[in-house]
Amino acid sequence: MNMVMADFSAVRPRATEEKTKQMLSVQKDGAQTLVKINASSLSTLLTCGRKSKYQLHDGLKSRVEGPALTYGKAIHKALEIFYSIDRSSRRETGMPEDFDAMIDLMAHGHEAPSDHPLYGAIKGFLDIGSSLACLPDTEARSLSSGVWVLSHYFKTYANDSYVICNDPSGNPYTERTCETLLFEDKQLRINLFGTVDVILRDEVTGIILPGDHKTTSQLGRDFFNRLRPNHQYTGYLKLARECLGIESDKFLVNGIQSKARPLTSRGGPPLLTRQITQRNAQDFIEYEQTVVWAVRAYLEWSNNKVWPLGDVNACSMYGACSYLDICSTSNELRSNIIEANYV
């Protein structure tokens, strides 16, 4: 098994400013095994044992990052900057003139003006999403479409009642990487880690809302059916509560449609939605039980070197599994596919 070194120095929950690319990791410490797991790793374990081998055990990554992943990272960066800006500078009444025309020029390589902080959020998107420059403007995840979506987002939520929460040092709660102890017995210890995108407070109701930004091509029934149960949201809420001291049982899902910029004025704007989902004590118990089962299954698969295939739906959903080209090839050719397409 590929072992990843882990820090055993602290048992208490902790939150850091540093981002991590780590997925699931396993480390032996005497009779106890420490497993660190995040939402993406849990999703993989519950989806397919074979995918768990390729992604978590072998650490295979495609040589080329897909545009959907890059686009999502870029949108996250823009919103991180947006919510770090003073609220008075985010109001629609304070937006710069010719904002839409200027950010479209930025998407096509022009320098960003320095006279308004909102341009910094657009620049953050363009910097992280620079590899998307090869996509034509008519693509939903092109740079031009992305700044168009962000402009609509800024205008839609510029005057809402949500304000960013700050930590005790006065820094805004955006993109906080957290880690906490989830489960422990004599043989096994499981730490949950992940990044909480944002923590907002509703100035009208006073409700505190940890939240997650979700970019998706469709904001329909499937999106709303995923609010509860949803292990990712439950885990993020648990991290916000235990690592950041946020006393809330509610979680905000910030849905943003990835949509191509219309070619004519008849085209509609991107869909934006905010949905609040709630968790109780039993939800956290069931979440812990699910994580423990999944981790033990992974350790058994690894020890026995048997990685069961998931259901065929796992191969085809979201445009196909990233390892479908391996699994759909005969066994004797898989090593060639891996060598050619993955690192």
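User: Which residues touch the most other members in the largest nonpolar core?

Analyst: This is a predicted model. Its largest nonpolar core has 42 residues, of which Leu 24, Ile 37, Leu 45, Ile 190, Val 291, Val 295 and Tyr 298 touch the most other members.

User: Which elements give two or more residues to this core?

Analyst: They are E3, helix H1 (39-47), E5, E6, helix H9 (231-243), strand E8 (250-257) and H10. The largest share, 10 residues, comes from H10.

User: What is Val 295 in contact with, leaving aside its neighbours within four places in sequence?

Analyst: Val 295 is in contact with Val 35, Ile 37, Leu 45, Leu 188 and Ile 190. Of these, Ile 37, Leu 45 and Ile 190 are named among the core residues that touch the most other members, as is Val 295.

User: How many residues are in the other core?

Analyst: The other core, which lies apart from the largest one, has 35 residues, among them Met 106, Ile 122, Phe 125 and Ile 256.

User: In which sense does E3 pair with E2, parallel or antiparallel?

Analyst: E3 and strand E2 (residues 25-29) pair in the antiparallel sense, over 5 bridges. Within that pairing, Thr 33 in E3 has Lys 28 opposite it. The hairpin of E2 and E3 has 2 residues between the strands, and Gly 30 there takes a positive phi near 65°.

User: And in which sense do E3 and E6 pair?

Analyst: E3 pairs with strand E6 (residues 188-202) in the parallel sense, over 5 bridges. Leu 34 has Arg 189 in E6 as its bridge partner.

User: Why does Arg 201 count as partly exposed?

Analyst: Arg 201 counts as partly exposed because its relative accessibility is 33%, and that class lies between the 20% limit for buried and the 50% limit for exposed.

User: Changing topic: how many salt bridges does the count come to?

Analyst: The count comes to 15 salt bridges. One of them joins Asp 160 and Arg 274, with the closest N and O atoms 2.6 Å apart. This pair links distant parts of the chain, 114 residues apart: Asp 160 is in the loop between helix H7 (143-157) and strand E4 (162-164), while Arg 274 is in strand E9 (residues 272-278).

User: Are those two buried or exposed?

Analyst: Asp 160 counts as buried because its relative accessibility is 14%. Arg 274 also counts as buried, at 17%.

User: Where does Arg 296 form a salt bridge, and with which residue?

Analyst: Arg 296 forms a salt bridge with Asp 185, and their closest N and O atoms are 3.0 Å apart. That pair also links distant parts of the chain, with Arg 296 in helix H10 (residues 281-304) and Asp 185 in the loop between strand E5 (174-184) and E6, 111 residues apart. Arg 296 is partly exposed, with a relative accessible area of 41%, and Asp 185 is partly exposed at 24%.

User: Which residue forms a salt bridge with Lys 123?

Analyst: Asp 127 does, with the closest N and O atoms 2.9 Å apart. Both residues lie in helix H6 (residues 117-128), 4 residues apart, or about one turn of the helix. Lys 123 counts as partly exposed at 40% relative accessibility, as does Asp 127 at 45%.

User: Last topic: how many cavities of 30 Å³ or more are there?

Analyst: A search of the whole structure finds 3. The largest cavity holds about 90 Å³ of space. Its lining includes Thr 47, Arg 50, Tyr 54, Cys 315 and Cys 327. Helix H2 (49-57), helix H11 (312-316) and helix H12 (324-327) each give two or more residues to that lining, and the largest share, 3 residues, comes from H2.

How values were computed: Residues numbered from 1 in each chain as written. Predicted model: local features only at pLDDT ≥ 70, side-chain atom pairs only at ≥ 80, totals over all residues. Heavy atoms only, no water. Pairing = 2+ DSSP bridges. Salt bridge = Lys/Arg side-chain N within 4 Å of Asp/Glu carboxyl O. Buried < 20%, exposed > 50% of the residue type's maximum accessible area, 1.4 Å probe, protein only. Core = buried A, V, L, I, M, F, W, Y, C linked by side-chain atoms within 4.5 Å. Contact = heavy atoms within 4.5 Å. 1 Å grid on protein atoms, 1.4 Å probe; cavity = no way out; pocket = protein on both sides within 12 Å on 5 of 7 lines; lining within 4 Å. Points joined across faces, edges and corners; volume = space filled by probe spheres on them.
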